[in-house]
Amino acid sequence: MKRLFKQINEGLHDTCYIWFEEIKMVVKDEGVLIFFVIVPLLYPLLYSWIYNNEVAREVPVAVVDMSHSPESRKFIRMYDASPNAKVAYHCADIDDAQNLMAKQAVHGILFFPPDFAVKLNRMEQAHVSVFCDMAFMLYYKGVYQTATSVQSEMNSNIQIKLSGNYTNRDDEITTQPLAYDDVPIFNSAGGYGNFILPGVLVLILQQTLLLGIGMSAGTSREKSKFKDLVPINRHYHGLFRIVFGKSLCYFMIYAIMAAYILLVVPRMFHFTSMLHALDLIGFVIPYLLACIFFGMFVSCTVRYRENVMLIVVFTSLPFLFLAGVSWPQSGIPDFWQSAAYLFPSTFGIRGFIRMNSMGATLHDIRPEYQALWVQVVVYFLLACIVYRWQIIRARRHVIEAEKERRLTSPQQS
């Protein structure tokens, strides 16, 4: 029993020693400190500030009015009064308007044919051509939806004039025989920030962890004579002590960063947040652990500090797409959907968006929650395997170096 207590005491002491050494390394290494602290503090603020306007307002549009009629001028006035679009140019013909769009001076064109008012007065169907810049979906939304709203309002006014009704209620039935309520859910503002930012915030946690852990591993290899990851030290004797000591350091740092990124930043910029505190804590713990062990496993491929930056920069955008945020999950090919299951960010982003935007609980996101715990176990075992291999490799190098020293010592004497 005393021996067991002694082993437990040594294990805890060694784990705390490794944790403290890792903390010192993070503080002393400027590169790791930047990716563990500075980037998580500033990047969310930068993204939130960029997307804080939520929607594109006052999108410039060119108007080609070949009708020159009161009806077309009324349409233009109503269109220009919208907050989403503004009439920036009046062009003599369609060629001038196309030139402005080619120069990106405008992002849409309204074209009124010469017979626009004539057809309306003859009780015929008139047409307004709307040309949209499809390179920017937010511009398209502002140009096209504004034209649709103005067209619907003018149609209602024409119906009322032709109906011969006597009461306002009759006018309502004429223009809207089937009443409906348009209630946007989960993103009431219809903004791009509430749409994309939750996924970006969760991805920042994973990518900065990968950067920091990979850079730490690269630094250890560059400073080590034998390019190994684990130092030869009596405190680094046990495999689990090494893995737990390092992961405890990373978890303590990122528990604070996760609280800042997922709770403070959305409230600073007034983004939608329907999180439940206990559910968020229960969800963040496996996500951070999965990211940490995943980073420790991936770090075995990092030979130099600079390598990890190339890996993370290359994978950041694919990770966001594979999570099914910027592109619908149903539209992703089966192969890539299967590949997405390998990364913690996939389940982290999906689960957090449901909790943040839809008010889901852990019970509601059980598949993502369980998948994260599976990843914790799998990547923990893989991290132990690669660290064990590196310990054996490092000891082998030490033994070979000692033998070589003994063989050369008599010759030198």
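**Close-up 1. An aromatic cluster and the ring pairs of the predicted model.** Ring pairs join F294, F297, F319, F343 and Y379 into a cluster, where rings of Phe, Tyr and Trp (its six-membered ring) pair if their centres lie within 6.5 Å. A search of the whole structure finds 19 aromatic pairs. In one of them, the rings of Y140 and Y144, the centres are 5.6 Å apart and the planes stand at 10 degrees, so the pair is stacked; planes under 30 degrees apart count as stacked, over 60 as edge-to-face and the rest as tilted. Y140 and Y144 are four residues apart in helix α6 (residues 137-163) and are thus separated by about one helical turn. Y140 is partly exposed at 27% relative accessibility, and Y144 is also partly exposed, at 40% (buried means under 20% relative accessible area, exposed over 50%, partly exposed in between, with a 1.4 Å probe and protein chains only).

This is a predicted model, in which local features need pLDDT of at least 70 and side-chain atom pairs count only at pLDDT 80 or more, while totals for chains, interfaces and linings use all residues. Residues are numbered from 1 along each chain as its sequence is written, and side-chain values use heavy atoms, with hydrogens and water left out.

Close-up 2. Buried residues make up 43% of its 413 residues. Among contacts between residues at least 6 apart in sequence, 80% join residues at least 24 apart, a contact meaning heavy atoms within 4.5 Å. The largest nonpolar core has 76 residues, of which F36, L209, L262, F293 and M296 touch the most other members; such a core is a set of buried Ala, Val, Leu, Ile, Met, Phe, Trp, Tyr and Cys residues joined through side-chain atoms within 4.5 Å. Two or more residues of this core come from each of α1 (2-28), α2 (30-50), α8 (192-223), α9 (239-268), α10 (277-298), α11 (305-322), α13 (344-358) and α14 (366-412). Apart from this core lies another, of 17 residues, among them V59, V61, V63 and I76.

**Close-up 3. The surroundings of M296.** When residues up to four places away in sequence are not counted, M296 touches I213, V243, K246, S247, Y250, A383, V386 and Y387. M296 is also one of the residues that touch the most other members of the largest nonpolar core.

Close-up 4. Helices α2 and α9 pack at an angle of about 15 degrees, with their axes 10 Å apart, where axes are lines fitted to C-alpha atoms, for helices over the stretch in contact, and angles run from 0 to 180 degrees between N-to-C directions. The two helices α2 and α9 are therefore roughly parallel (angles under 35 degrees count as roughly parallel, over 145 as roughly antiparallel, 65 to 115 as roughly perpendicular and the rest as oblique). Their crossing is right-handed, and the contact is made by F35, F36, V37, P40, L41, P44, L45 and S48 of α2 with Y250, I253, Y254, M257, Y260, I261, V265 and M268 of α9. M257, in helix α9, is buried with a relative accessible area of 8%. Leaving aside neighbours within four places in sequence, M257 is in contact with F36, V37, P40, L41 and L205; the C-alpha atoms of M257 and V37 are separated by 7.7 Å, although the two residues are 220 residues apart along the chain.

Close-up 5. The crossing of α10 past α13 is left-handed; a crossing is left-handed if the near helix is turned anticlockwise from the far one by less than a right angle, and right-handed if clockwise. D279, L280, F283, Y287, A290, C291 and F294 in α10 meet P344, S345, F347, G348, G351, F352 and M355 in α13. S345 is buried, with a relative accessible area of 0%, and, apart from neighbours within four places in sequence, S345 is in contact with L203, Q206, Y287, F319 and A323.
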